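Hi everyone, thanks for coming.

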Amino acid sequence: RGFSLARMSRPARRQVTEVVPTHAAHEYDYNIWYHRYLGEEKEVLHQKSSTRCDALRDSGRTRGDDRDNARLCVFFAKGCCVNGPDCTFLHRIPTGEDERNLSNMYDVFGRERHRTDRTDMAGVGCFLRNNKTLFVSGLTALDEMQSEEIIRRHFGAWGEMVSVRVLPAKRIAFITYRLRAAAEFAKEAMTNQSLDNNEVLRIKWATEDEQQKAIPTNYQEELMRKISDTLVRKGVNPACFPGIIQGPVPAALPPPPP
């Protein structure tokens, strides 16, 4: 889905008037691997969100539209951006252009992806996998047809879906998007949200992605070469990162640590 130029010419709406507090543990250090503050309990993290993004109402121009390579706003996706038109990130849903400009090293919000997935399959994800499938749990017990219609209605707001597979007995679903950018946006937008009932959704990356299976067997090899080239352009010796397939490395680059 795209937004018309007329709609994007208007200023973005301020979704909230003040920063939404999440937990008192924010006085402690932030864990970039688990994307939460030390001491933050799982029970708190899984409370129903008090805000939600409404793309049709909230989207608009921000200061990010005047910047090169601006990323989408993760707080906009969660419905809690206090900056509105003054935000230096973009306030809209992902487009095909965002997907084409998307690096394997970063997600659509500009956060660094990791070399491996977290053990719980949450978080930003792995740069070795082009995962577009979300694992959704916490669904209300309904039959398969009812659940799929509800899921498509709510999750379809963030981008084109390729497939929806519902397992009513387990109250879980697998949702595959056409764009990785849309899957990353939907994961943030729908985590701890409700559908038509008072459930609280938990969303992680699927351990197996059907689209990932269709990728050629040399995909990882090509990806590692691209990562190596990127590191070289940034002046970093790829030999510092074990497992990366290396091409010619300029002599001016620093050697890897012993």
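This is a predicted model: local features need pLDDT of at least 70, side-chain atom pairs count only at pLDDT 80 or more; totals for chains, interfaces and linings use all residues.

Residues are numbered from 1 along each chain as its sequence is written, and side-chain values use heavy atoms, with hydrogens and water left out.

Now, E4 and E5 run antiparallel and are joined by six bridges. Their hairpin has four residues between the strands, and Arg171 there takes a positive phi near 60°.

Zooming out, what is the strand order in the open sheet? It goes E4-E5-E3-E6, four strands with antiparallel pairing. Strand E4 (161-167) and strand E6 (202-205) sit at the edges with a single partner strand each, so one side of each has no neighbour in the sheet. On average, neighbouring strands here are turned by 20° against each other, direction ignored. For angles, axes are lines fitted to C-alpha atoms, for helices over the stretch in contact, and values run from 0 to 180 degrees between N-to-C directions.

Strand E3 (residues 133-137) pairs with E6 in the antiparallel sense over four bridges, and Phe135 stands opposite Lys204 in E6.

Next, the helices. Helix H6 (residues 144-155) lies across E3, E4, strand E5 (172-177) and E6, at about 140° to E4. Helix H7 (residues 180-190) packs on the sheet too, touching E3, E5 and E6, and its direction makes about 155° with that of E6. Contact means heavy atoms within 4.5 Å.

How many aromatic pairs turn up in the whole structure? Four. One of them is Phe135 with Phe174, tilted, 5.4 Å centre to centre and 55° between the planes. This pair links distant parts of the chain, since Phe135 is in strand E3 and Phe174 in strand E5, 39 residues apart. (Rings of Phe, Tyr and Trp, its six-membered ring, pair if their centres lie within 6.5 Å; planes under 30 degrees apart are stacked, over 60 edge-to-face, the rest tilted.)

Last, the holes. A search of the whole structure finds three cavities of 30 Å³ or more. On a 1 Å grid over the protein atoms alone, a cavity is a set of points where a 1.4 Å probe fits but cannot get out, and lining residues have an atom within 4 Å of a point. Points are joined across faces, edges and corners, and a volume is the space filled by probe spheres set on them. The largest cavity holds about 50 Å³, and its lining includes Leu139, Ile150 and Asp196.

Key
On a 1 Å grid over the protein atoms alone, a cavity is a set of points where a 1.4 Å probe fits but cannot get out, and a pocket is an open set with protein on both sides within 12 Å along at least five of seven lines; lining residues have an atom within 4 Å of a point. Two strands pair if DSSP finds at least two bridges between them. Helices (H or I, at least four residues) and strands (E, at least two) are DSSP runs, numbered from the N terminus.
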